[in-house]
There are 2 protein chains.
Amino acid sequence: MEKFKGLDEEKQQKILDASLKEFAEHGYEKASTNRMVKEAGIGKGMLFYYFNSKKDLYEYLVEYSLDFTVEKYFNQVDTSETDFIERLKQTAQVKTKAQTENRNVFNFLSTYMLSTEIKVPARLQKKYEYMQEMGNRMIYEGIDLTLFRDDVNVEKAFKLIRWSIEGYQNELLHSLQGQNMAQVDFAPYWEEFYAYMEILKKSFYKEGEREQ
Amino acid sequence: MEKFKGLDEEKQQKILDASLKEFAEHGYEKASTNRMVKEAGIGKGMLFYYFNSKKDLYEYLVEYSLDFTVEKYFNQVDTSETDFIERLKQTAQVKTKAQTENRNVFNFLSTYMLSTEIKVPARLQKKYEYMQEMGNRMIYEGIDLTLFRDDVNVEKAFKLIRWSIEGYQNELLHSLQGQNMAQVDFAPYWEEFYAYMEILKKSFYKEGEREQ
DNA sequence: ATATAAATTGACCACCCTGGTCGACTGGGT
DNA sequence: ACCCAGTCGACCAGGGTGGTCAATTTATAT
């Protein structure tokens, strides 16, 4: 692995992108090292020179993706915002940015989370659980509960709001399928998103407790 | 194909289940006819005796799944219910029932809808589009718009409510992963689901326009 | 009972792809 | 001149592919 880290950034990135993508699309077993090296533009031997085996490569990618997610996503959210919906608006923005900058990491990680075909070492498993815990804190910690209507269960309102936002993001992602994310003008979609957020506030917050 | 339809129901079902499952899990290209026949408990030759080729089998399954969905799902929903959330409650119940009775069809169809690796004949494509149109009508046709609050856009409220329900269903499905659906006691989950629906009514409907 | 037809099997085919290895080659440092 | 880390891709044995077909069992008709 030290071999790999000695490479110049650009080459590293090409190899990471190629292998993250391959694993994300095909899962562990059916991912092909041949396709990876072709996509990355390196000789077959090099992949096994940098990483010793397919399995080692996979574990390296898991750790890389976890670190990436914590640093470029979780650590960017300002947890001093106590308005739940505002907090989620912010996470949506940060997430979109991180996702646009490196889609492969997100795709890889989400297939990794669902898949059960391979078990990683305990150290990585721990890291993964720690990351989930961190993600929860990023969303729920320090939220001002008094903004919510008194006649609805706050826990359930949390979930409904999160599901709504995930639903919007999924639909948007699906409708933008195939387009190069880097060159899509997101402005109108943010407008639309904010409109949805306003509705959620009207619906789930107390009357008159809303800003402006 | 007539050969296949002449079989007794039980054998047909075994073959359908095995191949729907295989295609759903691996996609068209990587699905293995060998695994299908092993799972179905028939000789290799028979699959190509009933259906002429892998492709023909796939198209048969698409049509079968579309017909199944329309008959056992769409046609069971009572569209005389004009309360949007009540209508969706009902579709959720019908869907859960149909899904429990034949999970493979739903899994196959949802991967088919996302996948782009194979294009089916125009006739099937038309049938698919007709089914989507039918699904929309099942959900939106004849809905009483006056129940909704005046200060929110109804179209957007529709979507928020649907996303919420889909979110709940996904989370439930995920938490029940691996268990045999046929022998899960759904009663407490329906309780929980109804609680969520009540919150949605409180949030998105006019004050005092709610039943009881 | 016999002849004919239909259903069913699985060994077999030629081909493709797999993760991983290894001898050959490169270019820069000494 | 020698060394050596870096790089390549032909090559390996093994396994899986969709599809075929001669052989056998089972059902049907006479």
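**Entry 1. Chain A on its own**

I began with the contacts in chain A between residues at least 6 apart in sequence: 75% of them join residues at least 24 apart. I note here that the model is predicted. I then went through the secondary structure of chain A and found 10 helices and zero strands. Written along the sequence, the pattern of chain A is α-α-α-α-α-α-α-α-α-α. For the dimensions, I took the box filled by the C-alpha atoms of chain A along the principal axes, which is roughly 65 × 40 × 30 Å. I also looked up burial: of the 212 residues in chain A, 22% are buried.

**Entry 2. Chain A against chain B**

Next I looked at where the two chains touch. I have 18 residues of chain A in contact with 18 residues of chain B. On the chain A side, H9 and helix H10 (187-204) are the elements that give two or more residues. H9(A) gives the most to that side, with eight residues. By type, I sorted the chain A side that touches chain B into nine nonpolar, four polar and five charged residues.

**Entry 3. H9 against H9**

I followed H9 across to the other chain. The axes of helix H9 (residues 154-175) of chain A and helix H9 (residues 154-175) of chain B come within 8 Å, and I have their crossing at roughly 105°. Angles of 65 to 115 degrees count as roughly perpendicular, so I recorded H9(A) as roughly perpendicular to H9(B). From H9(A) the contact takes A:Leu160, A:Trp163, A:Ser164, A:Glu166, A:Gly167 and A:Tyr168, and from H9(B) it takes B:Leu160, B:Trp163, B:Ser164, B:Glu166, B:Gly167 and B:Tyr168. I count the residues of this contact of H9(A) with H9(B) as six nonpolar, four polar and two charged.

**Entry 4. H2 against H5 in chain B**

I then took a helix pair within chain B. Helix H2 (residues 9-30) and helix H5 (residues 54-72) of chain B have axes that come within 11 Å and cross at roughly 105°. H2(B) and H5(B) are therefore roughly perpendicular to each other. In H2(B) I listed B:Leu16, B:Ser19, B:Leu20, B:Phe23 and B:Tyr28, which meet B:Leu57, B:Tyr58, B:Leu61 and B:Tyr64 in H5(B). The residues of the contact of H2(B) with H5(B) are eight nonpolar, one polar and no charged.

**Entry 5. DNA strand C**

I turned to the DNA. Around DNA strand C I found 18 residues, the closest being A:Ser32, A:Gly45, A:Lys54, B:Gly43 and B:Gly45. Helix H3 (33-40) and H4 of chain A, together with H4 of chain B, are the elements that give two or more residues to this surface. H4(B) gives the most to the surface near DNA strand C, with four residues. I divided the residues near DNA strand C into five nonpolar, eight polar and five charged.

**Entry 6. DNA strand D**

Helix H4 (44-50) of chain A, helix H3 (33-40) of chain B and helix H4 (44-50) of chain B each supply at least two residues of the surface near DNA strand D. I sorted the residues near DNA strand D into five nonpolar, eight polar and four charged.

Methods. Residues are numbered from 1 along each chain as its sequence is written. Chains are lettered from A and ligands numbered from 1 in the order in which they are written. This is a predicted model: local features need pLDDT of at least 70, side-chain atom pairs count only at pLDDT 80 or more; totals for chains, interfaces and linings use all residues. Ala, Val, Leu, Ile, Met, Phe, Trp, Tyr, Cys and Pro count as nonpolar, Asp, Glu, Lys and Arg as charged, and the others, Gly among them, as polar. Axes are lines fitted to C-alpha atoms, for helices over the stretch in contact, and angles run from 0 to 180 degrees between N-to-C directions. Angles under 35 degrees count as roughly parallel, over 145 as roughly antiparallel, 65 to 115 as roughly perpendicular and the rest as oblique. Two residues are in contact if their C-beta atoms, placed from the backbone, lie within 7 Å. A residue is near a molecule or strand if its C-beta atom, placed from the backbone, lies within 6 Å of it. A residue is buried if 20 or more other C-beta atoms lie within 10 Å of its own, exposed if 12 or fewer, and partly exposed in between; C-beta atoms are placed from the backbone.
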